Amino acid sequence: MRGRAWHVIFLSTAALLLSRAHAQEPVGPLDGDTSQGWTNTQRTGWYSLNQGSRLMPASWMRALEQPGNARPFLAPDHIAGFGYLPDWPGAPAGHLPLGFAEDDRGDKHLVRTQLRWYAGQRDRERWVGLTCAACHTAEILFEGQPLRVDGAPAMADFQSFVEAADQALVATRDDPAKFDRFARIVLAAADTPANRTMLRNALGRLIADQQQLARMNASPIRYGPARLDAFGHIFNKAAVLNGAANPVGNPASGPVSYPFLWNVPQHDLVQWNGSVANQRLQLGWGRIDVGAIARNAGEVVGVFGDVAVRPRGTNELRQFRSSINVNNLAVAEEVYLRRLLPPAWPEALSPIDRDAAVRGATLFQAQCAGCHQPLARDDLETPIHAQMSRFAFDAPPPGPGRVNIPPGTDPVMACNAYNYRAASGWLEGYSGIGPEGSGTAFLTVIVRNSLIGDWRQVLRLAFTIFLGREPRLEPQLEGVPRPPVTSAAYPGLPERYRQCVDGGWRGPGDRILGYKARPLTGIWATAPFLHNGSVPTLLDLLLPPAERPQSFHVGSRRFDTQRVGFVTAPSPENRFEFRTRDAAGNFIWGNFNGGHDYGNARLTPQQRLDLVEYMKTL
């Protein structure tokens with residue numbers, strides 16, 4: 001049956017009822033100061049929830065040595081050097097770092113990660129991959145004491161971590177002594193010359209795949225801690241998976257801050273550029289957010305998920321098979337994120353100046369609330385309607401609240417996402433895709449058909465989750481139109497981005513040519529700021545753009561309670577220098593720190609402090 005109508009019926013019927021699947025222990029404070037509504041069981045479950053990410057076999061990861069020495073790659077100080085958290089309260093014995101998990105499901109339908117490295121090996125070998133928590137769990141240090149904030153941006157340097165892992169694999173293959181130690185641990189009782197040959201071949205396959213992705217993602221810009229060009233990595237992975245011969249990637253040159261995750265299920269549009277919709281549907285007595293399932297499945301593709309795309313003409317249910325763990329993605333969204341509260345400002349950091357906060361509240365209401373929808377900290381129900389700050393257009397886009405507010409911020413992420421093109425391979429013909437297609441089109445087809453291909457998972461999910469009701473999302477806020485911005489506001493902007501900003505690439509997807517404003521509840525815990533992490537503190541964000549820091553150091557978790565952000569002075573942990581300009585004084589596009597300027601120069605120093613004090617209360 002070639003028609004697609006039955007696919008829609010199948011997904012709508014089978015993927016039912018995602019909400020209260022598990023009995024929950026009573027919710028109480030986790031940290032006396034920042035209680036976010038999770039039980040300890042939910043919190044630790046979030047840290048190690050397997051999504052289907054497959055970076056490398058678990059036995060390899062535990063045997064892998066650092067590239068330049070014989071110490072374990074997973075040594076806590078080595079992992080901490082990339083900004084990941086090696087330990088956490090309640091972690092089980094022998095645990096992986098926070099946000100790393102093992103995938104123990106079968107690989108018989110996969111291709112890239114279907115590796116065999118010893119005789120008689122079955123298809124259920126454990127693999128290690130990343131989870132949402134790896135990039136969305138913050139730890140703040142104040143006077144030497146750690147404070148965990150779940151759902152906040154991690155200080156993780158994903159780019160350096162992946163590069164180091166690839167270097168470690170290559171060193172293991174090329175250094176006889178390293179390979180000998182590696183093989184003895186991985187093969188254990190099966191350590192024979194024949195199995196060592198199989199292991200070396202499997203290692204070579206994984207290295208080749210990782211190096212291909214590294215070439216596709218090659219970028220002139222260093223991300224540093226707390227940033228990642230997730231769209232670039234995801235789209236390039238989709239271009240590799242689609243079977244095109246000799247795929248050529250688009251540089252992953254638009255890194256953004258890891259978005260904070262509280263209240264995400266309430267948004268109508270998600271991602272910095274508002275390019276993905278939450279779509280919560282009523283099905284019988286239950287509701288399901290099919291948009292969230294697709295969004296999270298796309299994220300898995302970008303962080304080492306495996307999708308076996310086969311040529312058209314293959315049995316339709318086998319054409320797209322993946323490692324994506326649909327059930328656990330539903331649990332992550334429905335059991336965890338729908339219960340995650342924004343963090344309250346901990347009075348232990350410093351008492352809030354209540355008089356200043358009252359003055360700041362008046363300023364915020366007058367100048368900020370039109371775009372940043374006010375939301376109570378315990379409100380997990382009110383719909384959040386995206387307020388889009390867009391580049392130049394003749395008129396605001398259709399729909400209530402779809403305003404045309406010029407962001408003035410760095411355009412690289414939005415323009416890269418909009419303009420991505422690559423060879424379509426076996427995806428040609430799906431959903432009108434021609435010989436070349438967009439990253440969004442590739443990902444949509446791969447995710448949709450992967451869910452269809454894994455119909456058993458979807459059916460199991462549908463019949464194991466309890467029926468529950470949730471309020472329907474409806475738009476609320478109306479925006480205020482403002483004049484458009486042109487590329488003249490960006491001196492030295494390369495031509496490919498100039499066309500984008502000036503509207504030269506208009507089309508059906510033009511709403512993604514901008515960035516989304518959102519409620520600022522819990523904003524104090526999400527530094528650095530702006531979509532690309534180019535401003536270190538809230539106080540700096542309220543300065544006129546020309547007065548903001550042109551460079552600062554990133555990596556430390558030590559907190560600055562007055563400016564509200566992490567300390568920026570050079571130090572052993574603050575070893576990455578974020579620079580907005582190169583040595584010649586030219587802007588580094590992707591790191592531009594302008595924009596979000598709605599009369600900042602008119603604010604007095606005291607008014608800026610008042611606004612910061614108020615934002616601590618959100």
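Me: Helices (H or I, at least four residues) and strands (E, at least two) are DSSP runs, numbered from the N terminus. How many helices and strands are there in the protein?

Reply: This is a predicted model, where local features need pLDDT of at least 70 and side-chain atom pairs pLDDT 80 or more, while totals for chains, interfaces and linings use all residues. Numbering starts from 1 along each chain as its sequence is written, and side-chain values use heavy atoms, without hydrogens or water. Counted by DSSP, the protein has 18 helices and 21 strands.

Me: Happy to have that settled! What share of the residues counts as buried?

Reply: Buried here is under 20% relative accessible area, with exposed over 50% and partly exposed in between (1.4 Å probe, protein chains only). The protein has 618 residues, and the share of them that counts as buried is 59%.

Me: What part of the contacts with a separation of 6 or more comes from residues 24 or more positions apart?

Reply: A contact takes heavy atoms within 4.5 Å. Among the contacts in the protein with a separation of 6 or more, the part from residues 24 or more positions apart is 73%.

Me: Let's look inside. Which helix gives the most to the lining of the largest cavity?

Reply: The structure has six cavities of 30 Å³ or more, a cavity being a set of points on a 1 Å grid where a 1.4 Å probe fits but cannot get out, lined by residues with an atom within 4 Å of a point. The largest has a volume of about 120 Å³, taken as the space filled by probe spheres set on the points. Its lining includes Leu-206, Asp-209, Gln-210 and Leu-213. With four residues, the element that gives the most, spanning 193–217, is helix H8.

Me: How many residues of that lining of the largest cavity are charged?

Reply: Arg-54, Arg-112 and Lys-237 are among the residues lining the largest cavity, as is Asp-306. Asp, Glu, Lys and Arg count as charged, Ala, Val, Leu, Ile, Met, Phe, Trp, Tyr, Cys and Pro as nonpolar, and the others, Gly among them, as polar. The lining has four nonpolar residues, three polar ones and, as charged residues, five.

Me: Phe-304 is in this lining too. What is near 80° in Phe-304?

Reply: Phe-304 sits in the loop between helix H10 (290–302) and strand S12 (307–309), and it counts as buried because its relative accessible area is 8%. Most residues other than glycine have a negative phi. In Phe-304 there is a positive value near 80°, and the angle is phi.

Me: Where is Ala-226, which also has a positive phi?

Reply: Phi of Ala-226 is near 75°. Ala-226 has a relative accessible area of 1%, so it is buried. Its place is the loop between H8 and strand S6 (227–228).

Me: On to the second largest cavity. Which strand gives the most to its lining?

Reply: This cavity holds about 80 Å³ of space. Its 13 lining residues include Pro-528, Pro-536, His-553, Val-554 and Phe-566, which lie nearest its centre, and the lining divides into eight nonpolar, five polar and no charged residues. Three lining residues come from the strand that gives the most, residues 551–554, which is S18.

Me: Is the peptide bond from Ala-527 to Pro-528 cis or trans?

Reply: Pro-528 lies in the loop between S17 and H17. Omega of the bond from Ala-527 is near -5°, and the bond is cis.

Me: What kind of aromatic pair do Phe-364 and Tyr-614 form?

Reply: Rings of Phe, Tyr and Trp (its six-membered ring) pair if their centres lie within 6.5 Å, with planes under 30 degrees apart stacked, over 60 edge-to-face and the rest tilted. There are 29 such pairs. In this one the centres are 5.2 Å apart and the planes stand at 55°, so the pair is tilted.

Me: How far apart in space are Ala-63 and Ala-183, C-alpha to C-alpha?

Reply: Ala-63 belongs to helix H3 (residues 58–63) and is buried because its relative accessible area is 6%. Beyond residues up to four places away in sequence, Ala-63 touches Phe-182, Ile-185 and Val-186. Ala-63 and Ala-183 are 120 residues apart in sequence, and their distance in space is 8.4 Å.

Key: 1 Å grid on protein atoms, 1.4 Å probe; cavity = no way out; pocket = protein on both sides within 12 Å on 5 of 7 lines; lining within 4 Å.
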